[in-house]
Amino acid sequence: MEFEKLPTVPTADEILDRSFRRAAKKRKEKLNKDRANEEFVRAVSHAIHDRLVYIIRGFPEFEELPQFYRDMVEILYGLDRIKQALGAVGWAAKHTKMVGGELAFQSRKAPDPLVVRKRAVARLASMVHQIDKDLLFLNEVRNVLRKLPHIDDTFTVVIAGYPNVGKSSFIRRVSTATPEVASYPFTTKGVIVGHRTMGREKVQFVDTPGILDRPADERNAIEQQALSAVMNVADVILFIIDPSGHCGYPTEAQQHLLGELQGLVEIPIVVVANKSDITRIDLYASMSTENGEGVDEVLEHLLSYRPAPTKMTRALPLQTRTPEQNR
Ligand SMILES: Nc1nc2c(ncn2[C@@H]2O[C@H](COP(=O)(O)OP(=O)(O)O)[C@@H](O)[C@H]2O)c(=O)[nH]1
Ligand SMILES: [Mg+2]
């Protein structure tokens, strides 16, 4: 996702400092003293404008993002608020350029161009300061967006279960590339997202620490909403139970969470008991993400929920069969 490259959003002061420096540098190159002030004002306003436009361009078109991002952004900040902040930056960009042009022109004609220049610079600065809060807000958004796990709209297995049952271990074991470690903004626990490619097909595995690892009454409002964002991307859920007690939670508590989840979602839930190298229970299929036992079978079961491939043959002319062949 392009979020990783989303540049820091500078503060108003940083933008101004930079723009003045850029303009001052330009001024040194110019030998035409009569126009020095005019050129300076113009250069400052252009530098500010360019910087503000660069900030706006750094943000993606939210409508085009995968569902998961749109949901998360909506939950965490509200899309409207972000658009409003970007709109304010756009306003400042337009006006610094426009007003900058006028002021530059005035400072050419003024009897005392230095006074006009100082006034012009003050006005440009005040325009940028008007969007101070928007810039700070956008930078906060940026810092969170960059760390969000990359979750596409492809076939997705969401892994649920109490902490330490082996969710991350499962993802590591079935992923064909090194899983990505990211974070949800409301938990300090690392989120693991893994992918598995099979020819041209891709399957995505999504970890859920802080979302689907505790009973509902322990979830706060944001976690609750994040749960729906995760559910929006899930095609099937793998619920891992650790019957060994090794994870620190009794099996009954884990089954209780499972029951809750079953009442909550309509997507299929595949239940598997992990750590078969320590303990087994007959109730569920078992695997060990430690030694790999049973993992392939679980994976195969999960993949059976993939939508049937669209039949290309439909687009081709129907094969004509001879009566001979039909017999
Ligand atoms: N004995 C055993 N330990 C396991 C197995 N799977 C995971 N573990 C251990 O259980 C702990 C938690 O695993 P982790 O994958 O981080 O669990 P998560 O919190 O659900 O993501 C780690 O110390 C793992 O080494 C398993 O199949 N057998
Ligand atoms: Mg984990």
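Me: Leaving aside its neighbours within four places in sequence, which residues is Asp 153 in contact with?
Reply: Pro 66 and Gln 67. Keep in mind that this is a predicted model.

Me: Where does Asp 153 lie?
Reply: In the loop between α6 (132–147) and β1.

Me: Is Asp 153 buried or exposed?
Reply: Exposed. Asp 153 has 12 other C-beta atoms within 10 Å, and a residue counts as exposed at 12 or fewer.

Me: How far apart are Asp 153 and Ala 234 in space?
Reply: 9.3 Å, C-alpha to C-alpha. In sequence they are 81 residues apart.

Me: Switching to the ligand. Which residues come nearest to ligand 1?
Reply: Gly 166, Lys 167, Ser 168, Ser 169 and Glu 290, out of 15 residues around it.

Me: What classes make up that shell around ligand 1?
Reply: Eight polar, four charged and three nonpolar residues.

Me: Now helix α10. Which of its residues are buried?
Reply: Val 295, Val 298 and Leu 302, in a helix that covers residues 295–303. These three sit on the same side of α10, because they cover an arc of only 65° around the axis.

Me: And what does the face turned away from that buried side carry?
Reply: The exposed residues Asp 296 and Glu 300.

Me: Different topic. How do α2 and α5 pack?
Reply: At an angle of about 10°, with axes 9 Å apart. α2 is residues 36–58 and α5 is residues 113–130. Angles under 35 degrees count as roughly parallel, so α2 and α5 are roughly parallel to each other.

Me: Which residues meet there?
Reply: From α2, Asn 37, Phe 40, Val 41, Val 44, Ser 45 and Ile 48. From α5, Pro 113, Leu 114, Arg 117, Ala 120, Val 121, Leu 124 and Val 128. By class, that contact has ten nonpolar, two polar and one charged residues.

Me: Last topic, backbone. What is phi of Asn 164?
Reply: Positive, about 70°, although Asn 164 is not a glycine. Asn 164 lies in the loop between β1 and α7. It counts as partly exposed, with 15 C-beta neighbours inside 10 Å.

Me: And what about phi of Lys 275?
Reply: Near 65°, also a positive value in a residue other than glycine. Lys 275 is in the loop between β6 and β7.

Me: Why does Lys 275 count as buried?
Reply: Because Lys 275 has 25 C-beta neighbours inside 10 Å, and 20 or more makes a residue buried.

How values were computed
Residues numbered from 1 in each chain as written. Chains lettered and ligands numbered in written order. Predicted model: local features only at pLDDT ≥ 70, side-chain atom pairs only at ≥ 80, totals over all residues. Near = placed C-beta within 6 Å. Nonpolar A, V, L, I, M, F, W, Y, C, P; charged D, E, K, R; others polar. Helix = DSSP H or I, 4+ residues; strand = E, 2+ residues; numbered from the N terminus. Arc of directions from axis to C-beta. Contact = placed C-beta atoms within 7 Å. Axes fitted to C-alpha atoms, helices over the stretch in contact; angles between N-to-C directions. Parallel < 35°, antiparallel > 145°, perpendicular 65-115°, else oblique.
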